[in-house]
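Please keep the sequence and the model in view while reading.

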Amino acid sequence: MSLLRSYVSGGWHTAPDDGRPLHDAVTGEEVARISSAGVDFAAALDHGRRTGGPALRELTFHQRAGLLKAVAGHLREHREELYALSARTGATLGDSKFDVDGGIGVLLAYASKGRRELPNDTVYVDGAVEPLSRGGTFVGQHVCTPLRGVAVQVNAFNFPVWGPLEKLAPAFLGGMPTLVKPASPTAFLTARLVELIIDSGLLPEGTLQLVAGGIGDLFDHLTEQDTVSFTGSAATAATLRTHPVIVARAVRFTAEADSLNLSILGPDAAPGTPEFDLYVKGIVAEMTVKAGQKCTAIRRAFAPEQHVDAVVEAVSERLARTTVGNPANPDVRMGALASLDQREEVRRSVKALADAGRIVFGDPQKVDVVDADAQRGAFVSPILLVGDPGRAEPHEVEAFGPVSTVLPYTSVEQVVELAARGQGSLAGSIVTADPEVAREIVLGVAPWHGRLLVLNSRDAKESTGHGSPLPALVHGGPGRAGGGEEMGGIRGVLHHMQRTAVQADPDSLAAITGRWVTGAQRRSADVHPFRKYLEELRPGDSIVAGPRAVTQEDVEHFAEFTGDTFYAHMDQRAAEASPIFGGRVAHGYLTLAFAAGLFVDPDPGPVLANYGLDNLRYLTPVRFGDEITVTLTCKQITPHGSAPQGDVRWDVDVTRQDGESVARYELLTLVATKSAQKEAAQ
């Protein structure tokens, strides 16, 4: 049987020993062997830092996003092969799609966010410029730059595709190379995934490496510039987190560990309501998808005391219709656990839970299977228990398989207190149609949860369900759940970057960030900035236009024309009585319209469209007789790669005759490239 290879230091490495066997979870047959013997971990990390890191840092966020999209497209072409390998981990086709398609979806989501929410630059500016002096010559700004290390990921066995890809995407977008260490039982699937990516040639060398086997002395060679992202048991997380190098060099370590996730049936959701049915379906889905081997699966199912029997009956009836067996059979709805060792671990945990409660469905020692040998394959029956919420075991013991415990509660206050006994969870769901109940429970249990779903008939049709982490939302949780966060949109990217407070004069800060800031030099020219193509514009290009007088007639005409007859514009007595206005004033939108009339160049040209305003503030009222002047300054330029246009953000400062700003905002425009103009001319 073949020995899985590692990809390190620019080449494929085969261990010199025989390794240890990995087995098909369904048949028990040997699939491959695994060993990392002979891997030079120090050299692998050095290769990532010296080769992969510089290659990534030369790319802008948008270019990195483009590569993620390309990798996702490549993997989509190989999904059938990945599904077939996934079946050997015990996964049904539905399970495999959850893992494979979900992982590809994370790549696409981060590719999209990178293009939409990050600049086409190598520096991320975090927050607004902070004025640090009275005269404006000393300012501050937070900037984020890529760490100069390697993002090491140590993954669990349950999601051999989604797991590595959801860690790779934000690290890659943030400018850090990745070293993947998969869990051994399902490493044959992760190894093929990485092989497909490497063979595609899409990623720069050194940006993705794979270690198939143990981690050896890898942690001994970490530095303060590296990161470690771990998914697995709380016990292993504690061991890794306290590694001497992690502690001594303050290596960024994030953990996503096991947790006693809950689902709460609201007191309003009685049998016969849509919410009751949704609650039951959710429990069964979380017990059977991936055979319950999900870090977000429902382990504690809280129900009002009077509805416990109805919940048990409804869940048991659905579980009885769940066919367990070989995923190759299309009638099978639940496959095997990842390994025989995992089955024994589940059985031990179920015994502990049963000692503190009672099994109401299933037998941990016996299960009827289709097209498979129940003993050679790692099969186990779905197990439903009813527990005593006053006992410790339901809040401390996790059976990482198709196991859930129904726990009664008597009041919202009590269920909030019981939720906290889990000591921190990745996910929870509250099934209720009552918004006030939802508010009370969510705010009560939120400090112990990384993500909460409120589910009812109003959102069920479009809900992604209890157990599905989403790239845009944080995945992680406090306490027992590991205390870490992954994904969460751009939050996950920034985890792989260093936030630095930069204090400087405005000109220096503008040069560092690549965008004009208030107080930096402006460049005026004979050519209107709107006559410049994208390649010709520079931050700081500016024009001053005006003045224009604002008359009473202008204001009254605008009021009549638009229908905006608010008293501050039309009623002198009421306006004088106002503590804000002290007399009639011009409409804010009239001021903006006059400002646009002053700075807009009317003829066709490079500026294709104005598509929005950001950060608009009216600062000082404009009164009859005031004269306004507008200063338009190019603030930030964002090319769209090979597209024929890009975004330009302009600072607009509208002032009156005494120099006081009356309005300030950012104008967003699409500007054509010169190359597009040449192509159009041809």
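One aromatic cluster is formed by F98, F159 and W162. Rings of Phe, Tyr and Trp (its six-membered ring) are taken to pair if their centres lie within 6.5 Å; planes under 30 degrees apart count as stacked, over 60 as edge-to-face and the rest as tilted. This is a predicted model, in which local features need pLDDT of at least 70 and side-chain atom pairs count only at pLDDT 80 or more, while totals for chains, interfaces and linings use all residues. Residues are numbered from 1 along each chain as its sequence is written, and side-chain values use heavy atoms, with hydrogens and water left out.

The protein has 682 residues, of which 54% count as buried; buried means under 20% relative accessible area, exposed over 50%, and partly exposed in between, with a 1.4 Å probe and protein chains only. Its C-alpha atoms fill a box of roughly 90 × 60 × 55 Å along the principal axes. The protein contains 21 helices and 27 strands, which are DSSP runs numbered from the N terminus (helices are H or I with at least four residues, strands E with at least two). Contact means heavy atoms within 4.5 Å. Among contacts between residues at least 6 apart in sequence, 74% join residues at least 24 apart.

In total, the structure holds 9 aromatic pairs. One of them, F157 with F400, is edge-to-face, at 5.9 Å centre to centre and with 85° between the planes. F157 belongs to the loop between β7 (151-154) and α5, and F400 to the loop between α12 (393-396) and β16 (403-409), so the pair ties together parts that are 243 residues apart in sequence. Both of these residues, F157 and F400, are buried. The ring centres of F530 and W650 are 5.2 Å apart and their planes lie at 65°, so this pair is also edge-to-face. Here F530 sits in the loop between β22 (523-524) and β23 (541-549), whereas W650 is in strand β26 (residues 645-656), 120 residues apart. F530 and W650 are buried.

Aromatic rings also meet charged side chains. A charge is said to sit over a ring if NZ of Lys or CZ of Arg is within 6 Å of the ring centre and within 35 degrees of the ring normal. The charged end of R548 is placed over the ring of F594, 3.6 Å from its centre, and R64 lies over the face of F61, at 5.0 Å from the ring centre.

Next come the nonpolar cores. A nonpolar core is a set of buried Ala, Val, Leu, Ile, Met, Phe, Trp, Tyr and Cys residues joined through side-chain atoms within 4.5 Å. The largest has 52 residues, and L4 and L75 touch the most other members. Among the elements that give two or more residues to this core are β4 (30-34), α2 (61-76), α4 (93-117) and α5 (162-174). Helix α6 gives the most, with 8 residues. Apart from neighbours within four places in sequence, L75 is in contact with I104, L107, L165, L193, L196 and I197. A second, separate core has 27 residues, including L534, A545, V550 and C634.

The strands can now be followed. Two strands pair if DSSP finds at least two bridges between them. An open sheet of 7 strands runs in the order β14-β15-β16-β13-β12-β17-β18, with mixed pairing. Its edge strands, β14 (357-361) and β18 (449-455), each pair on one side only. From one strand to the next, the twist averages 25°. Within the sheet, β12 (residues 262-265) and β13 (residues 300-304) are parallel over 3 bridges, and L262 stands opposite R300 in β13. Helix α14 (residues 435-445) lies across β12, β17 (425-431) and β18, at about 170° to β18; axes are lines fitted to C-alpha atoms, for helices over the stretch in contact, and angles run from 0 to 180 degrees between N-to-C directions.

In the hairpin of β25 and β26, G641 takes a positive phi near 65°. Strand β26 also pairs with β27 (residues 661-672) in the antiparallel sense over 11 bridges, where Y665 in β27 is the bridge partner of V652. Of the 12 residues of β26, 9 are buried.
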